[in-house]
Amino acid sequence: MPIVELLQASPALQVVVAFLFGLCIGSFLNVVIYRVPTMMEREWRRQCAELGAEEQHAAGEQEGASLASLSPPAATPAFNLVVPRSACPSCGAQIHGWHNIPV
């Protein structure tokens, strides 16, 4: 029996599938809501550091300072929707997919 016919025949199965789909969407939105502001803040800080370095460079040229003393902003580890993996906030242990299944 195709899945569409099975879903049409069983309202209870429709509810279960809708519930599981909602859990998946909610979990993804939770990650997005947590990480996007942090990603934006890191990007803003990087841009501010670049602007500050450009201002230092311009001031250094006016004062005759050496370019070797001007260093680029320090690299930060990647932080986006994929990396780093989720971790426990108290102990830092990585959270695996099966840890999200209630027992």
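A contact is counted wherever heavy atoms lie within 4.5 Å of one another. The structure is a predicted model, in which local features need pLDDT of at least 70 and side-chain atom pairs count only at pLDDT 80 or more, whereas totals for chains, interfaces and linings use all residues. Residues are numbered from 1 along each chain as its sequence is written, and side-chain values use heavy atoms, with hydrogens and water left out.

**Figure 1. Overview of the protein.** The protein contains two helices and zero strands; helices (H or I, at least four residues) and strands (E, at least two) are DSSP runs, numbered from the N terminus. Among contacts with a separation of 6 or more, 49% join residues 24 or more positions apart. Of the 103 residues, 3% count as buried; buried means under 20% relative accessible area, exposed over 50%, and partly exposed in between, with a 1.4 Å probe and protein chains only. The accessible surface comes to about 8800 Å², and carbon and sulfur atoms hold 67% of that surface. Such areas come from the Shrake-Rupley method with a 1.4 Å probe, and for residues only the protein chains shown count as cover.

Figure 2. Q14 lies in helix α2 and is partly exposed because its relative accessible area is 40%. Leaving aside residues up to four places away in sequence, Q14 touches L7 and Q8. A polar atom of the Q14 side chain lies 2.7 Å from the backbone oxygen of L7. Between Q14 and V4, ten residues apart in sequence, the C-alpha to C-alpha distance is 9.9 Å.

Figure 3. R46 belongs to helix α2, which covers residues 11-63. The relative accessibility of R46 is 36%, so R46 counts as partly exposed. The side chains of R46 and E50 make a polar contact at 2.2 Å. A polar contact is a pair of N or O atoms within 3.5 Å; within protein, one must be able to donate a hydrogen and the other to accept it, and residues adjacent in sequence count only if both atoms are side-chain atoms. T76 is 30 residues from R46 in sequence, and their C-alpha atoms are 9.3 Å apart.

**Figure 4. The cis peptide bond between V83 and P84.** The peptide bond from V83 to P84 is cis, with omega near -5°. V83 is placed in the segment after α2, and P84 is also in the segment after α2. V83 counts as partly exposed because its relative accessibility is 35%. Apart from residues up to four places away in sequence, V83 touches R35 and A78.
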